Amino acid sequence: MPEHTFILNGESVTVDIEDDVRLLWVLRDVLGVTGPKYGCGLGVCQACTSHINGKAFNPCSVPVKDLRPTDEVTTIEGLPATVGGELHPMQEAWLEYDVAQCGYCQPGQIMTAVAKVRQAREEGREISEADLDEIRNVCRCGTYHRIREAIVAGAKKY
């Protein structure tokens with residue numbers, strides 16, 4: 001079987017798996033990283049949202065063969081390490097605003113929020129209502145109002 005190497009949450013990993021296996025299954029079933037959730041498998045619901053090289057992406061839509069050894073994949077499990085704390089400021093905001101109900105979509109929501117705030121900062125501005133409107137993660141519990149509040153609050157903390 002082919003070997004695939006990439007950086008996962010700060011550590012280089014190598015897996016022996018077929019080229020066409022989607023990264024979500026490599027993360028969950030091979031490497032035991034369960035933060036990214038399976039929702040639709042098509043990149044629509046975005047429950048699996050993680051980061052690749054600092055940008056949000058959906059591992060359910062990416063075959064493992066597309067990763068290079070230098071690609072850095074960050075899941076919710078690796079997020080706190082990016083700021084050196086027990087919880088990332090966005091995770092703290094999620095708790096403060098009591099965002100989660102069932103919690104299933106929350107790792108993907110948080111990873112999208114962090115990437116969106118990072119994008120705004122790279123463009124030299126704070127996150128805006130227009131940025132929040134671009135977020136398309138699905139929350140079946142409908143906590144969108146609290147999600148938006150938590151993103152704005154979390155953005156102020158880092």
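Into which domains is the protein divided? Domain 1 covers 3-79 and domain 2 covers 81-157, with bounds that come from an automatic or database domain assignment.

Before going on, a word on the source. This is a predicted model, in which local features need pLDDT of at least 70 and side-chain atom pairs count only at pLDDT 80 or more, while totals for chains, interfaces and linings use all residues. Residues are numbered from 1 along each chain as its sequence is written, and side-chain values use heavy atoms, with hydrogens and water left out.

Now the two domains. Taken over C-alpha atoms, their centres are 20 Å apart. In domain 1, 18 residues are in contact with 18 residues of domain 2, contact meaning heavy atoms within 4.5 Å. Between them they bury about 1500 Å², and carbon and sulfur atoms give 59% of that area. Buried area here is the accessible area (1.4 Å probe) that two parts lose on being put together, summed over both.

The domains have one salt bridge between them. K55 forms a salt bridge with E122, with the closest N and O atoms 3.2 Å apart; the term needs a side-chain nitrogen of Lys or Arg within 4 Å of a carboxyl oxygen of Asp or Glu.

Next, rings. The charged end of R121 sits over the ring of Y158, 5.4 Å from its centre. The criterion is NZ of Lys or CZ of Arg within 6 Å of the ring centre and within 35 degrees of the ring normal.

That is the end of my part.
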